[in-house]
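Please look over the model below. A short briefing on its fold and surface comes after it.

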Amino acid sequence: MNTFSRVAMVIVGMTGLAAAQPKADTKAADPKMAPKAPDAKTPPKADAGAMPEMKPPTEIADMAKAAGGTWHCKGQGMDHSMKMQDMTATMKMKVAMNGWWIEGDFESRMGKDPFQFASYAAFDPASKKWKRVMVESGGGWSTGESAGLKNGKVEWDLTAHSMMGEMPFRDHEDMTDAKAGAKFWGEFSPDKGKTWTKVYEMTCKK
């Protein structure tokens, strides 16, 4: 069917619908039966199915003020041989995706081994918890959550996925001594929480 035929069928269908409508009553309508005009003082009822206005949680902006910027870090990290090596790193933190996420870009070198990850953290108002997604060089990724800052410290409970399989991972952050810098260290459990092995520790300053 060509375009002209399609258009013709649509026009015919619309004409048929118009012809099928009942004719308007030509008699004068009773003014007493006329519908009343809405009261201008009465606000229109809200649509029960309407979505609430979407705004990023204020916790995102608050976190960006405290943690945003470039951090320079020194410490130790586990390399491919499973040995701790001296590490230097840079972490850049910023607000991303129209204010909904905190993005962290981490670049480091542990001995001769480079290591990178990108993380995204968001605040969930329903659970009052922070949610994190991380992707790492080497193909690994992690997901998890935190209750947020308490007494100057933050604890993250994550599930890490890598070539070694799936295992629990914990990140610890300590900001109680601003002059000394923010202290971070992480550990994983190869036996589902029975024992834990430290994989990095570092101190970061802006």
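This is a predicted model: local features need pLDDT of at least 70, side-chain atom pairs count only at pLDDT 80 or more; totals for chains, interfaces and linings use all residues.

Residues are numbered from 1 along each chain as its sequence is written, and side-chain values use heavy atoms, with hydrogens and water left out.

**Fold**
- The chain has two helices and ten strands, where helices are DSSP runs of H or I with at least four residues and strands are runs of E with at least two.
- From the N terminus, the order of elements is α-α-β-β-β-β-β-β-β-β-β-β.
- The ten strands close into an antiparallel barrel in the order β1-β2-β3-β4-β5-β6-β7-β8-β9-β10; a pair requires at least two DSSP bridges.

**Strands β1 and β2**
- Strand β1 (residues 69–78) runs antiparallel to strand β2 (residues 84–96), and ten bridges join them.
- W71 stands opposite M91 in β2.

**Surface and burial**
- Of the 206 residues, 28% count as buried, meaning under 20% relative accessible area with a 1.4 Å probe and protein chains only; exposed is over 50%, and partly exposed lies in between.
- M51, M54, M97 and W100 make a nonpolar surface patch of about 480 Å². Patch residues have over 30% relative accessible area and no salt bridge, and nonpolar side chains are joined within 5 Å. A salt bridge is a side-chain nitrogen of Lys or Arg within 4 Å of a carboxyl oxygen of Asp or Glu.
- W100 lies in the loop between β2 and β3 (101–110), and counts as partly exposed because its relative accessibility is 30%.

Conventions
Patches are made of residues with over 30% relative accessible area and no salt bridge: like charges are joined within 9 Å, nonpolar side chains (Val, Leu, Ile, Met, Phe, Trp, Tyr) within 5 Å. Accessible areas come from the Shrake-Rupley method with a 1.4 Å probe; for residues, only the protein chains shown count as cover.
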